[in-house]
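Me: I would like to go through a structure with you. Could you show it, please?
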Amino acid sequence: MRLTVIGCSGSHPGPDSACSSYLVEHQGFRLLLDLGNGALGELQKHVDPRDLDALFLTHLHGDHWLDLVPLAHVRRHHPDGRVPWPLPVFAPSADRDRISGAFGRADLDDVFDFRRPADTAVGPFTVRVVRTSHPVETYAVRVESAGRALVYTADTGWFPELVRFAGSADVLLAEAGFVDGAANPSGVHLTATQAGELAKEANAGRLVVTHVAPWHDAAAQVRTAAAAFGGPTELARRGVAFDV
Ligand SMILES: [Zn+2]
Ligand SMILES: [Zn+2]
């Protein structure tokens, strides 16, 4: 499968990237993980947004889902005609009113088929989820196909089960929203060292560091994570693709 970074900026868009969004493709199927603010723009460089097959929203912080609003516009009002089927959207349902509130309308069933995040088959992928340690209902996601595995931590503080969940991932897409040594609250984000330790303890093949805020030094976050991991470590950048 192929992973393309659509957006990777942590918590707010930066000058070089929109917020979180990652395209996972295999056998012509297009699964999008998150659609943060600004990501719909970059997405159009890689795929027609009407051609997405499924969308997984890890949680309902704006930097992970707010471009669902303009995506609905594209699917409803494209001059070639409305997309005649609703896009499967896996999203935490506890906050469904928040989704409708962002649109200013409750009737979204013509464009989106909302489903609860769960272990399931999606196209050619086997998807597994685990609830993370974050202030709102959030799910890390493990996408497997043809014996290969991509694990995306979503937003999370450290919790022991994450090591098992990420076990032997070929690519571990791990957030490093916090800088080591700062007065970081617990249960929100991983530090760069924790992202690297997660990759090491999970025996990941490759670590891709993401969700670094524009006000932090991304290169330093990668160096710190790489030192803790001891394996191949790269920074997620807008538009960069990885073979998983
Ligand atoms: Zn976030
Ligand atoms: Zn978040």
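**The metal sites**

Reply: This is a predicted model. Around the zinc ion (ligand 2), the four donor atoms subtend angles of 90 to 165 degrees, and the arrangement is therefore irregular.

Me: Which residues are the protein donors of that zinc ion (ligand 2)?

Reply: They are His59 (NE2), His61 (ND1), His134 (NE2) and Asp155 (OD), at 2.2 to 2.4 Å from the ion. Along the sequence, these donor residues follow the spacing H-x1-H-x72-H-x20-D.

Me: Where do His61 and Asp155 sit in the chain?

Reply: His61 is in the loop between β4 (54-56) and α2 (62-65), while Asp155 is in the loop between β10 and α5. The two are 94 residues apart, and the pair links distant parts of the chain.

Me: Is His61 buried, exposed or partly exposed?

Reply: His61 is partly exposed, its relative accessible area being 24%. For Asp155 the value is 2%, and this residue is buried.

Me: Which residue bridges the zinc ion (ligand 1) and the zinc ion (ligand 2)?

Reply: Asp155 bridges them, and the ions lie 3.5 Å apart. Asp155 is in the loop between β10 (148-152) and α5 (161-165) and His211 in the loop between β12 (207-210) and α7 (218-229), so this pair ties together parts 56 residues apart in sequence.

How values were computed: Residues numbered from 1 in each chain as written. Chains lettered and ligands numbered in written order. Predicted model: local features only at pLDDT ≥ 70, side-chain atom pairs only at ≥ 80, totals over all residues. Heavy atoms only, no water. Donors = N, O, S within 2.8 Å, 3.2 Å for Na, K, Ca; no water. Helix = DSSP H or I, 4+ residues; strand = E, 2+ residues; numbered from the N terminus. Tetrahedral: all angles 85-135°; square planar, octahedral: opposite > 155°, others 65-115°. Buried < 20%, exposed > 50% of the residue type's maximum accessible area, 1.4 Å probe, protein only.
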